[in-house]
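This report describes a protein model from its secondary structure to its side-chain contacts. The sequence and the coordinates come first.

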Amino acid sequence: MIISTTPSLEGYKIEQYLGVVTGETIIGANIFKDFFASITDIVGGRSSAYEQVLREAKGTAMVEMEMQARAFGANAVVGIDLDYETIREGMLMVTVSGTAVKVSKL
């Protein structure tokens, strides 16, 4: 499955637009990650605990979107958009959307 943020794919022709596909996930960071992230925030540097949680959430949302695209019969998703939002303290929501398409090589 080809996944792209662009509306078209170089070297491919979009044969059919199949519809909008989405993936969503909400992940909570646990108290230990929150504690170590706050220490990192105080002393400076990157919060690897939160970075890992974000990567995990993004991956889950992308897989969900790809599964939906496959169910539509797509072999690519174009124009994807990723959004991150804090629901409440410690709760992160990641949404991804795009257009499921059938493409063929030029």
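Two strands pair if DSSP finds at least two bridges between them. Helices (H or I, at least four residues) and strands (E, at least two) are DSSP runs, numbered from the N terminus.

**Basis of the model**

The model is predicted: local features need pLDDT of at least 70 and side-chain atom pairs count only at pLDDT 80 or more, while totals for chains, interfaces and linings use all residues. Residues are numbered from 1 along each chain as its sequence is written, and side-chain values use heavy atoms, with hydrogens and water left out.

The pLDDT is the predictor's confidence in each residue, from 0 to 100. Its mean over the protein is 85, and 78% of the residues reach 70 or more. Where pLDDT is low, the predicted coordinates should not be read in detail.

**Fold and sheet**

The protein has two helices and four strands, in the sequence pattern β-β-α-α-β-β. The four strands form an open sheet with the order β1-β3-β4-β2 and mixed pairing. Its edge strands, β1 and β2, each pair on one side only. The strand pairs are listed below.

| Strand pair | Sense | Bridges |
|---|---|---|
| β1 and β3 (residues 76–88) | parallel | two bridges |
| β3 and β4 (residues 91–105) | antiparallel | 10 bridges |
| β2 and β4 | antiparallel | 15 bridges |

Ile-2 stands opposite Ala-76 in β3. Thr-86 has Leu-92 in β4 as its bridge partner, and Gln-16 is partnered by Lys-102, also in β4. In a regular strand the side chains alternate between the two faces of the sheet.

Contact means heavy atoms within 4.5 Å. Among contacts between residues at least 6 apart in sequence, 75% join residues at least 24 apart.

**Burial and nonpolar cores**

A residue is buried under 20% relative accessible area, exposed over 50%, and partly exposed in between (1.4 Å probe, protein chains only). Of the 106 residues in the protein, 28% are buried. Accessible areas come from the Shrake-Rupley method with a 1.4 Å probe; for residues, only the protein chains shown count as cover. The accessible surface of the protein is about 6700 Å², and 56% of it belongs to carbon and sulfur atoms.

A nonpolar core is a set of buried Ala, Val, Leu, Ile, Met, Phe, Trp, Tyr and Cys residues joined through side-chain atoms within 4.5 Å. The largest such core has 14 residues, of which Val-21, Met-65, Ala-69, Val-77, Ile-80, Val-96 and Ala-100 touch the most other members. Strand β2 (12–28), helix α2, β3 and β4 each supply at least two residues of this core. Its largest share, five residues, comes from α2. A second, separate core has six residues, including Ile-14, Ala-76, Val-101 and Val-103.

Which residues does Val-77 touch, not counting those up to four places away in sequence? They are Met-1, Ile-2, Ile-3, Ser-4, Val-21, Met-65, Ala-69, Gly-98, Thr-99 and Ala-100.

**Selected sites**

Thr-25 is found in strand β2 and is buried, with a relative accessible area of 11%. Apart from neighbours within four places in sequence, Thr-25 is in contact with Ala-57, Thr-60, Ala-61, Leu-92, Met-93 and Val-94.

Gly-73 lies in the loop between α2 and β3 and is partly exposed, at 34% relative accessibility. With residues up to four places away in sequence left out, Gly-73 touches Leu-18 and Lys-102. Gly-73 and Leu-18 are 55 residues apart in sequence, and their C-alpha atoms are 7.9 Å apart in space.

Side chains of opposite charge can pair when their charged atoms come close. A salt bridge is a side-chain nitrogen of Lys or Arg within 4 Å of a carboxyl oxygen of Asp or Glu. The structure holds one salt bridge. It joins the side chains of Glu-66 and Arg-70, at 2.7 Å from N to O. Both residues lie in helix α2 (residues 48–71), four residues apart, about one turn of the helix. Glu-66 is partly exposed, with a relative accessible area of 23%, and Arg-70 is partly exposed, with 47%.
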